[in-house]
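Please look over the structure shown here. The report below describes its packing, its aromatic rings and a few backbone details.

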Amino acid sequence: MIYGRFGDIGELFFEIDLITAEGEAFQVDALLDTGFTTGWLAVNSQDIDGLGWLVIERNRAMWTAQGQDVFDLYQGTVSFDGVEYRIPVHVGEEILDVLLGLQWLGTMRLVVDAPVGVLTLEHRGSNGS
């Protein structure tokens, strides 16, 4: 289970590690983006340079809250809760934060209880569920 934190206006942040092609880990705060329904992770194109990840596809058109935009897809590795995941990563110039997409909720359980300050992501089955 990983513990998250609430942002100033109620955003949901989790610390994750971006793993370079050489196996080095860089810890980042990732924002759980409830509007990012079709992907796992999105990062700014400037953040991708030092990771050494391989390009899967260039110039994929996709709808965002700001309209249609174009992204490159990379094969990336992230780690949290002691587990590494190889996932497709959307990369674009207009992405301001590292974004966690809702695809994670198909494999993990999100618990949000803002009044008591509880925010967790946990592997399904880790607490009997």
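What follows is a short report on a predicted model.

## Nonpolar cores

The largest nonpolar core is made up of 25 residues. Within this core, Ile16, Leu41 and Val78 have the most contacts. At least two core residues come from each of these strands: E2 (12–19), E3 (25–32), E4 (41–44), E6 (67–80), E7 (83–92), E8 (98–100) and E10 (118–123).

Another core, of 8 residues, lies apart from the largest one. Phe36, Ala42, Phe71 and Ile95 are among its members.

## Contacts of isoleucine 16

Neighbours within four places in sequence are left aside here. Isoleucine 16 then contacts Phe26, Gln27, Val28, Ala30, Leu41, Val78, Ser79, Phe80, Val98 and Leu100. Two of these partners, Leu41 and Val78, are named with Ile16 as the residues with the most contacts inside the largest core.

## Aromatic pairs

The structure holds 4 aromatic pairs. In one of them, phenylalanine 80 and tyrosine 85 are tilted, with 35° between the planes and 5.4 Å from centre to centre. Phenylalanine 80 has a relative accessibility of 3% and therefore counts as buried, the cut-off being under 20%. Tyrosine 85 is buried as well, at 16%.

Tyrosine 85 also pairs with tryptophan 104; their planes stand at 80°, so this pair is edge-to-face, and the ring centres are 4.9 Å apart. Tyrosine 85 belongs to strand E7, whereas tryptophan 104 is in the loop between E8 and strand E9 (108–113), so the pair ties together parts 19 residues apart in sequence. Tryptophan 104 is buried, with a relative accessible area of 1%. Ring pairs join Trp40, Phe80, Tyr85 and Trp104 into a cluster.

## A charge over a ring

Arginine 5 places its charged end over the ring of phenylalanine 13. The distance to the ring centre is 4.4 Å.

## Positive phi angles

Asparagine 59 is not a glycine, yet its phi is positive, at about 60°. This asparagine is found in strand E5 (residues 54–64). Is asparagine 59 buried or exposed? Its relative accessible area is 58%, so asparagine 59 counts as exposed, for which the cut-off is over 50%.

Aspartate 81 likewise has a positive phi of about 60° without being a glycine. Its place is in the loop between E6 and E7. Aspartate 81 is partly exposed, with a relative accessible area of 25%.

How values were computed:
Residues are numbered from 1 along each chain as its sequence is written. This is a predicted model: local features need pLDDT of at least 70, side-chain atom pairs count only at pLDDT 80 or more; totals for chains, interfaces and linings use all residues. Side-chain values use heavy atoms; hydrogens and water are left out. A nonpolar core is a set of buried Ala, Val, Leu, Ile, Met, Phe, Trp, Tyr and Cys residues joined through side-chain atoms within 4.5 Å. Buried means under 20% relative accessible area, exposed over 50%, partly exposed in between (1.4 Å probe, protein chains only). Helices (H or I, at least four residues) and strands (E, at least two) are DSSP runs, numbered from the N terminus. Contact means heavy atoms within 4.5 Å. Rings of Phe, Tyr and Trp (its six-membered ring) pair if their centres lie within 6.5 Å; planes under 30 degrees apart count as stacked, over 60 as edge-to-face and the rest as tilted. A charge sits over a ring if NZ of Lys or CZ of Arg is within 6 Å of the ring centre and within 35 degrees of the ring normal.
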